[in-house]
Amino acid sequence: MNNTVSQTAPSLRAQPLQQFRFNALRRFKPLLFLVPFLVLFFLFQIAPVIWIIVNSFMADQQFSLEHYQEIFASAFILQAFSNSLWLAFWSSAISLCLALFFVASLRRVDCWVRDAVVSFTNMTANFSGVPLAFAFIILLGFNGALTLLLKKFGLIDDFNLYGQWGLLTLYVYFQVPLATLLLYPAFDALNDDWQAACELLGAKKWQFWQQVALPVLSPAILGTFIILIANAIGAYASVYALTTGNYNVITVRIASLVSGDIFLEPNLAAAISVLLMVILAFITVINQTLIRRSYHDKK
Amino acid sequence: MIKSDQLYHYSVVYGICGLLFLPILATFFYSISSSWGATILPDGLTFKWYLMLWQDMRFIDAFSRSLLISGAALLLCSLLILPLLFVVFYYFPKLQALFNLLILLPFAVPPVVSSVGLLQLYADSAFPLVGTPWILIGTYFTIAVPFMYRAIANSFSSLNLNDLMDSAHLLGASTRQAFFLIVLPNLKKGLLASLFLSFSFLLGEFVFANMLVGTRYETLQIYLYNMRQTSGHFTSALVISYFAFIFFFTWLASRFSRGTQQ
């Protein structure tokens, strides 16, 4: 015991610099625990993105903008972009409005109803993709129960679930629960006394919403909107299951270029993917500037 | 005035809930009806579709594959994220900003886009991953990361970690002991809530499974998709059975997350 102490003591004095280095290294030893996570995350999340960006600019092993030119020359791919954006914009706008009314009313009902409804919304938020597409076929397909019911009452002539409006309905369905869950906590910012104060000052209900509530909520509303747009643009499973890839949206185009049977063009798919990410980034930037200009930041 | 207001609020809440519930209800009725052609109501009721489904070995196999992969991905996720968050929160709090950005990536990059890169990178690699369950475990790990990270990070920030660790050290515990005996039990609820929630949507994952593996390792969603040509009643029974599971797991999740708020 004594022996070891007397042996290490001089060595410590003799190599102060080395000891210092050793201590500095030891301080960073916990970082080792981050390594496995970072490696795995890099392999399955970051590396694919890098591959996509690099290869979107490659044609025949060298740098070129060929794929981007191809996209802008192809009416088919441009149509996919416009279909996706149309669906994303309108489904997000409609579900945001629905969710606003929903959450505003949800704040005014009994506690136990509220808790039950929030749990239920949580569950329906997970009801998407292939199972949802099947449920919609049963309900709104050519022989769907609701289609027949509405036809019988003469409200509609025919409903094509497999086209633009059918898809919009489907998108709205899976966006409403998400919008609700995202907006629900934001309504905590609204003080109940404000509404009473507005009424006392003679404001009508719509004036309260227009002048007080919506400006206060605007950062949350804009933030929710961007998540909904991203969610809708990236949606693939439900469209694919509903139309087996026959409706032209951008995710279906990308998938068919890498996993189709006939024409495999991974680099073109990469270029489309890059444009998709650019659009998402662009919307996010606009959104951030709007949020910055809104009520909360001025305060 | 007040009464009519209440009436309005209740009708909005119940109305939207009803609309959200309609597809589930229709699917449920479809799954227990013997046949339902071009009429508004079904002809007769039966449970034979459920019996048929639960006796189908292909379904049992697909279901257990899904459970296995989701479970493995979540185990991996917890094993890597728990020490990571501890290190970040205890030793290097400044790294939080970096990780908050990193975990946004799975949101910003849609699965279809990631799989373009994944297919090219790992189809011809030395150890071919595409078409094997391994690549699904890896990608499911990335899907679960943002949710698990956020939930556990929230638990960590409500924990007062530094004081807790200091008192543990003062009482003679090593850092490892403190982590396993003090920090981990405190995170249990947040961890379980996020696990159940992630589990329920990993069971519903279709894009990666379809594009990277397909029928070579048939998961629940792929099976569901491949069964679309068979009887609609059969697929409805499948959808409802699947939804019952989702229901159960989200219910568990909300129970545990309510526990953490109190």
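## Chain B: burial and build

Of the 262 residues in chain B, 44% come out as buried (20 or more other C-beta atoms within 10 Å of the residue's own, with C-beta atoms placed from the backbone; 12 or fewer would be exposed, and anything in between partly exposed). Keep in mind that this is a predicted model, where local features need pLDDT of at least 70, side-chain atom pairs count only at pLDDT 80 or more, and totals for chains, interfaces and linings use all residues. On bookkeeping, residues are numbered from 1 along each chain as its sequence is written, while chains are lettered from A and ligands numbered from 1 in the order in which they are written.

Chain B has 12 helices and zero strands, going by DSSP runs numbered from the N terminus (H or I, at least four residues, for helices; E, at least two, for strands). The radius of gyration of chain B is 23 Å, well over the 18 Å from the globule rule for 262 residues, so chain B is more spread out than a compact globule. That radius is taken over C-alpha atoms, and the rule is 2.2 Å times the number of residues to the power 0.38. Along its principal axes, the C-alpha trace of chain B spans about 75 × 70 × 30 Å.

## Where A meets B

On the chain A side, 66 residues are in contact with 62 residues of chain B; a contact here is two C-beta atoms, placed from the backbone, within 7 Å. Helix H3 of chain A (residues 35–56) supplies the largest share of the chain A side, with 12 residues. By class, that side has 51 nonpolar, 13 polar and two charged residues. Nonpolar covers Ala, Val, Leu, Ile, Met, Phe, Trp, Tyr, Cys and Pro, charged covers Asp, Glu, Lys and Arg, and the others, Gly among them, are polar.

## Two domains in chain A

Chain A splits into domain 1 (2–56) and domain 2 (73–298), with bounds from an automatic or database domain assignment. Their centres, over C-alpha atoms, sit 45 Å apart. Four residues of domain 1 touch five of domain 2.

## H3 against H14 in chain A

The axes of H3(A) and H14(A) (residues 266–293) come within 8 Å and cross at roughly 105°. That makes H3(A) roughly perpendicular to H14(A) (65 to 115 degrees; under 35 is roughly parallel, over 145 roughly antiparallel, the rest oblique). Axes are lines fitted to C-alpha atoms, for helices over the stretch in contact, with angles from 0 to 180 degrees between N-to-C directions.

From H3(A), A:Ile52, A:Ile53, A:Asn55 and A:Ser56 meet H14(A) residues including A:Ala270 and A:Val274. The contact has five nonpolar, four polar and no charged residues.
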